[in-house]
There are 2 protein chains.
Amino acid sequence: MGGDFGPPVTVPAALAALETHPHLQLTLVGDEQQITPLLGSVSANNADRIDIVHTDVAVSSHARPESVLRGSRNSSMFIVVDHVRQGVADACVSAGNTGALLMAGRHLLEPIPGIDKPAIMASLPATRSGGYSYLLDVGANVSNNAAELYQFALMGAVLASSLSDRPHARVALLNIGAEANKGTPEIREAAALLSDSPDVNYIGFIEGNQLFDGVADVIVCDGFTGNITIKTSAGAVKVMQRLLLGSIRSTWYYRLLGLLARPLLQDIQKELNPSRYNGATLVGLHGIIVKSHGNARQDGFERAINHAIKQIEDNVPALIAGKMQS
Amino acid sequence: MGGDFGPPVTVPAALAALETHPHLQLTLVGDEQQITPLLGSVSANNADRIDIVHTDVAVSSHARPESVLRGSRNSSMFIVVDHVRQGVADACVSAGNTGALLMAGRHLLEPIPGIDKPAIMASLPATRSGGYSYLLDVGANVSNNAAELYQFALMGAVLASSLSDRPHARVALLNIGAEANKGTPEIREAAALLSDSPDVNYIGFIEGNQLFDGVADVIVCDGFTGNITIKTSAGAVKVMQRLLLGSIRSTWYYRLLGLLARPLLQDIQKELNPSRYNGATLVGLHGIIVKSHGNARQDGFERAINHAIKQIEDNVPALIAGKMQS
């Protein structure tokens, strides 16, 4: 039910995922009256792999996170996370209220032993390589100590390796300089822990201007810094698009040019489209929760589902638990 | 002597500033052999307003900040800040090593009473309004408490009003959400101090994606967050330019389009050009120190000089001292 568009985006994305993944079983949790009409085109074979759990309660995107635990225990969001808790589902995907999803996850799922705090890991465009980098935490926490940053690095490496099929993910700490004496005491201590760890391929500090260079597969920071970082990036890209479109509309020459350049601009928007990088994972709990952007379209929401499937196939929570025991 | 280009940029910028400001007196501190040949075109009248103080010692951009106090007390950077301390100069402008400039400023100049820590304030494009916003601290500090954030807000408001001729600058705190319960304890406490203050036109929290919208004239954060924020913005803009140019080179159609669109792209680069927003101020000391980007060209360095002149005309350090006493 979540996100800016609800079932008209999430249901077609779910059906597309069924086509791609022949062993996928899906439970759609939400308003049956909205869901059923969208299933018209489904083959009998695929229809057998869909269950609908009806609820007409949805957590609003503006609701306070606590509401998912208080008034809305029969909401679609609470139910999907509870399905993961019960083992009825291997993973859940939501485009709804991030704070509420986090609250439900923390409340219903056990933390992985050795992980003090869960984190949210987002994907970033790594434009030089054409691939992805991953940034965590982007907002599950407000501040984090060195041990937590170390745990983020370890979890991020496991998750990034699963999502990108790349073993030995390169892990960096986001800092205000490359030299060892830079940054907060927490970051310097985390760097010491990571340098000593045989479990993480730690490559050192990177600065904000290197975030999109693909120099690291996993970039670790506290939740406050990560949240401001991704929002600032989105703001900077928006500014440039605004300037581009503003100039294009300004004179007849530029207007003509704008028409000619439309496919080019569309290519670039595709490249920087959050949908391509969609699927943030709440990591650190015994259970897989993937958060789609609220404004994701069908392809973006499908990508979030694919993220969840990858993590099921690799059993990422168990891999992380194994690392924490070693 | 500072910056990526040294006297070939800083000297012509200084001469241009002399043309614009008939009462300006300039002291150029650096290698006389490099400076003198660049003064060839100066009128006799303007030549009278230029002094040269010779030194062939310059702080390298890669040097550790401490070096300005240890080995390099006869460096151009140390001398310009010392001129401000002695009152021989009303302000100094440098495109050199930021850490060293900060070190020299802190060492040589007195703090303004009531200001616990100086901060660096940078300009940002406020693209909707076509003007500027100002962000501080962008890296003089690593972490800051509520009282320091409050002081940054107050100093930022005075400085922004001087630079933009806009009284009652709107001041916001950079945070991870707009609601009162968001963020670190330091930020929430700073918000309480600012809400109670009659001296600051405080408008609340803003998020990273609003940084370039011009919704606030002054945006306050700790030095770690600010440094990562401006570097991330630069990185995001660079990515978009790279994608634009990469696409333009990819096919003959786009190559042709690229040629046609060159003036458009140049306009946008101008709009987002750091030179336009150049001139970060080290604020909080009894003395005016303006830091130019190292990669500024003549117009950017001239803008940094203009920032210094504005602050001299309004006597910004005295205005801040007055506010702190009230």
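Predicted model: local features only at pLDDT ≥ 70, side-chain atom pairs only at ≥ 80, totals over all residues.

Student: Which element gives the largest share of the side of domain 1 of chain A that touches domain 2?

Tutor: Two residues are in contact if their C-beta atoms, placed from the backbone, lie within 7 Å. In chain A, 17 residues of domain 1 are in contact with ten residues of domain 2. Helix H5 (98-108) and helix H10 (298-314) of chain A are the elements that give two or more residues to this side of domain 1, where helices (H or I, at least four residues) and strands (E, at least two) are DSSP runs numbered from the N terminus. The largest share, seven residues, comes from H10(A).

Student: How many charged residues has that side of domain 1 of chain A?

Tutor: Ala, Val, Leu, Ile, Met, Phe, Trp, Tyr, Cys and Pro count as nonpolar, Asp, Glu, Lys and Arg as charged, and the others, Gly among them, as polar. By these classes, the side of domain 1 of chain A that touches domain 2 has four nonpolar and six polar residues, and its charged residues number seven.

Student: Which strands are the edge strands of the sheet in chain A?

Tutor: Two strands pair if DSSP finds at least two bridges between them. In chain A, eight strands form an open sheet with mixed pairing, in the order E3-E10-E9-E4-E5-E8-E6-E7. The strands that pair on one side only are E3 (91-94) and E7 (201-206) of chain A.

Student: What angle does the direction of helix H6 of chain A make with that of E8(A)?

Tutor: Axes are lines fitted to C-alpha atoms, for helices over the stretch in contact, and angles run from 0 to 180 degrees between N-to-C directions. Helix H6 (residues 146-164) of chain A packs on the sheet and touches several strands, including E4, E5 and E9 (280-283) of chain A. Its direction makes with that of E8(A) an angle of about 160°.

Student: Which residue of E5(A) stands opposite Met121(A)?

Tutor: Strands E4 (residues 119-126) and E5 (residues 131-136) of chain A run antiparallel and are joined by six bridges. Opposite Met121(A) stands Leu136(A).

Student: Which residue of E10(B) is the bridge partner of Cys92(B)?

Tutor: In chain B, strand E3 (residues 91-94) runs parallel to E10(B), with four bridges between them. On the other hand, strand E9 (residues 280-283) of chain B runs antiparallel to E10(B), with three bridges, and Leu282(B) stands opposite Ile289(B). The bridge partner of Cys92(B) is likewise Ile289(B).

Student: Why does Ala140(B) count as buried?

Tutor: A residue is buried if 20 or more other C-beta atoms lie within 10 Å of its own, exposed if 12 or fewer, and partly exposed in between. Ala140(B) is found in the loop between strand E5 (131-136) and helix H6 (146-164) of chain B. The residues that Ala140(B) touches include Leu102(B), Pro118(B) and Leu282(B). Ala140(B) counts as buried because its C-beta neighbours inside 10 Å number 25.

Student: Which element gives the most to the side of chain A that touches chain B?

Tutor: Here 42 residues of chain A are in contact with 42 residues of chain B. Helix H8 (223-248) and helix H9 (252-272) of chain A are the elements that give two or more residues to the side of chain A. With 18 residues, the element that gives the most is H8(A).

Student: As by what kind of axis are the two copies related?

Tutor: Copies are superposed by least squares on the C-alpha atoms of residues with pLDDT of at least 70 in both. Chain A can be laid on chain B with an RMSD of 0.1 Å by a turn of 180° and a shift of 0.0 Å along the axis. The two copies are therefore related as by a two-fold rotation axis.

Key
Residues numbered from 1 in each chain as written. Chains lettered and ligands numbered in written order. Lists of a residue's contacts leave out its neighbours within four places in sequence.
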